[in-house]
Amino acid sequence: MIHRPHNTCAVVVLWGSCPLKTRVIQYTEKQMDYSLDLYTYRVSYTQQPLEEVPAKKLRLTKPSKSAALHIDLCKATNPTDALQYLLSFARKPVEAESVEGVVRILLEHYYKEVDNSVRLKIAALLGLLSKTAGFSPDCIVDDVISTLSNDKSNQVLAQLLDTLLVIGTQLPENTAVTQRLIEVACKHLNSTYFGVRNKCLQLLGCLGTVDKPLTKETEAGPSVAPLRDVQSLISDYFSDQDPRVRTASIKAMLQLHERGMKLQQTAYNQACKLLTDDYEQVRSAAVQMVWVLSQLYPESIVPIPSSNEEIRLIDDSFGKICHMVSDGSWVVRVQAAKLLGSMQQVSPHFLEQTLDKKLMSDLRRKRTAHERAKELYTSGEFSSGRKWADDAPKEKVDTSGVNLIDSGACGAFVHGLEDEMYEVRIAAVEALCCLAQSSPSFAEKCLDFLVDMFNDEIEEVRLQSIHALRQISTHITLREDQLDTVLAVLEDSSRDIREALHELLCYTNVSTKECIQLALLELLKNLTKYPTDRNSVWKCLKFLGSRHPTLVLPSVPELLSTHPYFDTPEPDMDDPAYIAVLVLVFNAAKSCPTMPALFSDHTFRHYAYLRDSLSHLVPHLRLPGRKQAAVLDSELSEVRSGSLESAQQFLQESLARVSTLQNLDSPGAQDLLDFTIRDLQRLGELQTELAGSADFCATYLHCQLLLMKALQEKLWNMAVPLCLKQNAMASTAAQQILEETYKLEFLYSGLETRQVATVHNVRLQAKALQLILSTRTKRGVEPLLGACEKFLQEVESFQRLFMTELPHFQDSFVEKLLELMPRLVSCKPLDLVKILQTTLRQSRFVHLKLPEQIHRASATIIEPTGESDNPLRFTTGLVVALDIDATLEHVQDPQTTVKVQVLYPDGQSNIIHPKPGDFRTPGPGRVRLITQVYLSHSAWTEPCQIEVRLLLAYSSSSSKLAVPKPAWNESTEGLPTSESSIEGTINLSKPVKVFIMPKPARR
């Protein structure tokens, strides 16, 4: 609507051929005389050919951020309003092209502003804007430096220096800007405000270089000050009066180290003095500094204070950090304990001293008999004869003597393991584990200390000590008393603790057969008390038997309850405890050929049953009376144990054979793909190491085979009514290809950009096929127009994401599309579909190049087993909890992608999102999911089965090629939630059926 005065009229004049591009002309009463001329003009205008009139183009622009900010700041009547406008502006993102204008507006307002808080916020905004991607902040360096020299507020100066630090980190290659910023930092180092000195030191640490000496400005002027390097300049502030500046100076030195600059050894003594500082932050930074220097100069010799003795720097720093384990601050104690674990070059006697609170004689300087006699002679004392052997040479401990290690550092790990803070105890356990892994002798000495930690009051400490003992289990053998302490943990109520202990027993060596019997007895008690631990206990006994066959052998008659003369009753095969004993015995029998002679007849029958039902727990045995089966099993094991190299070669040859196909219409191509897919699937079954790669290739070739069948000649040469069945088959094939491509992209880990691009190429082919089929079966132009636009957007997205991979797609479908892109954009939908059909049939087969290792994500539901016929009964309207226990293999980011699906008999489906705390990580690549699913339904007349399975949710935002987030603004406003971005799900596990029975409520 056009608003105009009462005495005006408006005429709309059309420009060009577009009705949206108009021009409004207003006329007042004085101009009404020209109405006839205007009418003549309009008629003559409409009679002119359209080509002669130049078309006016409209350009849509976003409202200027700088203009809006300028208006807001001008409206501010007081500093509070201006600060409020700046705060609201900071929450909104700014485009790169608008940054410079915004910066100019901010600087202009900065010069006029008097209030310190507003200037402080403007300085902070300048730093945030400097991080904007696509904006080069070198154009504002001069302005920020000039404001820095004119401002008097210390807080604003510190913020401006922080802005300069941001600019310097954004321009690491600009040496001129870096040098200017370093000079500014040196100039303001003499400030009386600690915040300014902190920022100057931070600038020197982040931007300082070795090659250019610096000049610190003094009262006498910069020309009088000597030239110094950046490290000596920073080290001057180790003794600053303010503890925050001392901390900043140490952190600046550490920043130089992180940037690759080698620190000077002269800073070691200064760092050691700071270990006794009164402030926690200073001591914490000093501990880190001492550790860094010990890693840089481990073999350097340093003197011991107040003596003539010398010691290796790594040993001296180890002793000093050991002393910090007894620091008054628990934060420093945690840091010191963690750093001890990485000091693996320390001498063995220093290492062993950490386990004894008394100073060992090895770490005292011993005086020779000549020195002792000389001291006695000079003192004028001789033997009086009143005491027996009072003149005999003695190794008397002299507290004032010279010790190679501080007495406060003795027993550092003992202090750490007994600390009141559980964080310190956890750090001490981790450090003990790291040092014991590199020293078998130290591992044996610290075994008792780690075992004692199994009785800690905090569950996390107990769990960490179990993991630590598991990692050093190759160096140790447990005694019976130690094993007794370890097995006591099996009564812990925490499932994580018990399963971690089972894992520990899998890899632990024991010394006697009594230890085996004790372990078996306690594990069977655990099985009775906690039946859900069944699979974990069985797995533990499998490894325990295979590691100790000679210790299991003497106990076999007792374990199997056999007698040399009398028949014994046959045990029940449904008893989990009996199965546990058999798993132990059968795994021990694999390495002990004399053991099967002790088996009874029913034991052989039970072996055959368990070999089929629990093949992952029961190994192949050469038993009497099973020669034929043994031969078959041995042949299969030989095939399975075939060389990995030959399997890899077979995989590459299969792919090379398929790559000879020039296009999808090649004669014999379908048969070749069929045979190759079958071979790859069989290869994945025989070689578990190559299962991921073989399945990935087989799925990719299956997509090509489906595409080939959908593009058969007879389908496209017939009228649509005559080939409805073939059309439906092609639509099903296209949908199946899409599903398979999502599996290829999200179900396999280890893919490189080239493999992801290949999968996207196949997905584009499937979507093109869907577009062609929809054109043949649907009427109307509107839906077809939208589908074509969407397809072209996906082609452009492919070009943007995989620009670097396009040379590998010569003569492929996507390359031909990109060549025809200008024509596709301008043509009609039906013409576009015809071009797609021709291009799809003429495109070349893209050869698949595999990376080094591909893993397929999988999941196995352990509980529920689906074997129980007893239904879970619950009242209608209420809920029943179903325990889910599953193992996930090679699943990326399981906390956000793994879902539980419950499918009811009436077709209802519920998807449950497990809590992040339900996921455990027992080992690399493996995740354990232990959660509960709540079921509810209306009343049923009889029990029915529900299906429970795990799903893998995927979305384009979680693809291998994620879009980077905006750098300048940390706000997540406007970003879609993770739930709304889910595009689909993939079945991750086989379904498990569970009987449930909702019963009607009692009235």
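Predicted model: local features only at pLDDT ≥ 70, side-chain atom pairs only at ≥ 80, totals over all residues.

Residues are numbered from 1 along each chain as its sequence is written, and side-chain values use heavy atoms, with hydrogens and water left out.

**Helix 20 and helix 22**

- The axes of helix 20 (residues 440-452) and helix 22 (residues 480-487) come within 9 Å and cross at roughly 25°; axes here are lines fitted to C-alpha atoms, for helices over the stretch in contact, with angles running from 0 to 180 degrees between N-to-C directions.
- Helices are DSSP runs of H or I with at least four residues, numbered from the N terminus.
- Helix 20 and helix 22 are therefore roughly parallel to each other, a term that applies to angles under 35 degrees.
- The crossing of helix 20 and helix 22 is left-handed, in that the near helix is turned anticlockwise from the far one by less than a right angle.
- On the helix 20 side, Leu447, Asp448 and Val451 meet Gln482, Thr485 and Val486 of helix 22, where contact means heavy atoms within 4.5 Å.
- The residues of this contact divide into 3 nonpolar, 2 polar and 1 charged.

**Salt bridges**

- The count comes to 30 salt bridges, each being a side-chain nitrogen of Lys or Arg within 4 Å of a carboxyl oxygen of Asp or Glu.
- Arginine 479 and aspartate 481 meet through their side chains in a salt bridge, at 3.2 Å from N to O; arginine 479 has 40% relative accessibility and counts as partly exposed, and aspartate 481, at 45%, is also partly exposed (buried means under 20% relative accessible area, exposed over 50%, partly exposed in between, with a 1.4 Å probe and protein chains only).
- Arginine 605 pairs with glutamate 570 in a salt bridge whose closest N and O atoms are 2.9 Å apart.
- Because arginine 605 lies in helix 29 (residues 601-613) and glutamate 570 in the loop between helix 27 (556-560) and helix 28 (576-589), this pair ties together parts that are 35 residues apart in sequence.
- Arginine 605 is partly exposed at 47% relative accessibility, and glutamate 570 is partly exposed at 43%.
- Aspartate 679 forms a salt bridge with arginine 678, with the closest N and O atoms 3.6 Å apart; aspartate 679 is partly exposed at 21% relative accessibility, whereas arginine 678 is exposed at 52%.
- Salt bridges that share partners join Arg495, Glu499, Asp885 and Arg928 into one network.

Definitions and conventions
Helix = DSSP H or I, 4+ residues; strand = E, 2+ residues; numbered from the N terminus. Parallel < 35°, antiparallel > 145°, perpendicular 65-115°, else oblique. Nonpolar A, V, L, I, M, F, W, Y, C, P; charged D, E, K, R; others polar.
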